[in-house]
Amino acid sequence: MARVIAFVNQKGGVGKTTNTVNLAAIAGQSLGNRSGQSQVLVVSTDPQGSAVWWSDRVDEEQLPFDFHQCHDKPEDLSRLKMLEQYEYVFVDSPGNIEDEKILSATLDSTDEVVVPLPPEAMAYPPTKRTIEQVLEPKGIPYRILITDWDPRDGTVDLEQTQEYVDNKDWPRLRTVVRHYKIHSRAAAEGLVCTQYPRGRIALEAREDFFRLAMELGIGGRPLPRQTRTQSAAKGRV
Ligand SMILES: Nc1ncnc2c1ncn2[C@@H]1O[C@H](COP(=O)(O)OP(=O)(O)O)[C@@H](O)[C@H]1O
Ligand SMILES: [Mg+2]
């Protein structure tokens with residue numbers, strides 16, 4: 001059964017789509033294919049969101065993950081979770097309150113939630129509402145991801161946001177996804193971070209998604225214990 005991670009925040013423009021597709025790209029590339037098929041699936045439950053817009057621009061053949069639009073029947077998500085092929089399903093969700101039904105159905109088939117939050121006070125109230133009125137009542141594990149932080153702006157806004165989150169006792173990921181022009185430019189071109197052209201900036205920008213993947217424990221798995229015992233036994237012969 002796949003592990004389902006949804007990116008949720010009822011505020012639009014906080015980076016749900018950007019983080020979903022780029023984390024999925026890193027996961028897809030790291031895990032590689034099994035029997036010729038990707039082990040990572042991205043599902044967009046956003047009826048009018050940028051993932052739809054974005055998917056029109058991408059060459060799906062070139063993506064390191066499969067992509068599925070699933071907004072009219074979000075309950076189908078529970079079926080996707082059962083698909084043997086996928087290790088991970090990353091869900092991009094809609095960004096406004098009118099879509100609460102879709103969001104609710106999405107959350108019913110989600111193992112954990114990442115709540116992207118840019119370091120700006122304007123984003124606090126909708127984030128608070130999402131957590132207190134949607135995530136906590138459902139008892140879904142969630143973590144805040146501070147995202148789209150521009151280091152050129154200094155650390156004041158970042159620290160303020162970290163403090164805001166910590167004072168609320170909301171679990172927070174250590175990884176901070178920085179603002180890079182290359183992310184928004186790539187999105188407009190239908191590219192994910194594993195397809196960025198070579199270069200220092202691209203490497204730096206991509207690094208944040210590697211960190212995020214590590215922190216979320218995405219990627220390799222330890223060798224099953226049985227296999228280790230078996231190889232030890234072999235070694236004694
Ligand atoms: N880390 C980032 N660096 C640069 N631009 C970003 C970053 N994260 C998001 N953006 C840009 O901000 C806008 C909103 O992001 P998006 O992922 O579409 O948000 P949402 O899905 O929550 O509505 C997009 O134009 C996107 O390219
Ligand atoms: Mg979006």
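Mentor: A salt bridge is a side-chain nitrogen of Lys or Arg within 4 Å of a carboxyl oxygen of Asp or Glu. This is a predicted model, in which local features need pLDDT of at least 70 and side-chain atom pairs count only at pLDDT 80 or more, while totals for chains, interfaces and linings use all residues. Residues are numbered from 1 along each chain as its sequence is written, chains are lettered from A and ligands numbered from 1 in the order in which they are written, and side-chain values use heavy atoms, leaving out hydrogens and water.

Trainee: How many salt bridges does a search of the whole structure find?

Mentor: Side chains of opposite charge can pair when their charged atoms come close. The search finds twelve salt bridges. One of them joins Arg178 and Asp208, with the closest N and O atoms 2.9 Å apart.

Trainee: Which parts of the chain does that pair link?

Mentor: Helices (H or I, at least four residues) and strands (E, at least two) are DSSP runs, numbered from the N terminus. Arg178 lies in strand β9 (residues 172–178) and Asp208 in helix α8 (residues 200–215), distant parts of the chain 30 residues apart.

Trainee: Is Asp208 buried or exposed?

Mentor: Buried means under 20% relative accessible area, exposed over 50%, and partly exposed in between (1.4 Å probe, protein chains only). Asp208 is buried at 1%, and Arg178 is buried at 18%.

Trainee: Where do Lys128 and Glu132 lie?

Mentor: Both lie in helix α5 (residues 124–138), four residues apart, about one turn of the helix. Lys128 is partly exposed at 31% relative accessibility, and Glu132 is partly exposed at 36%.
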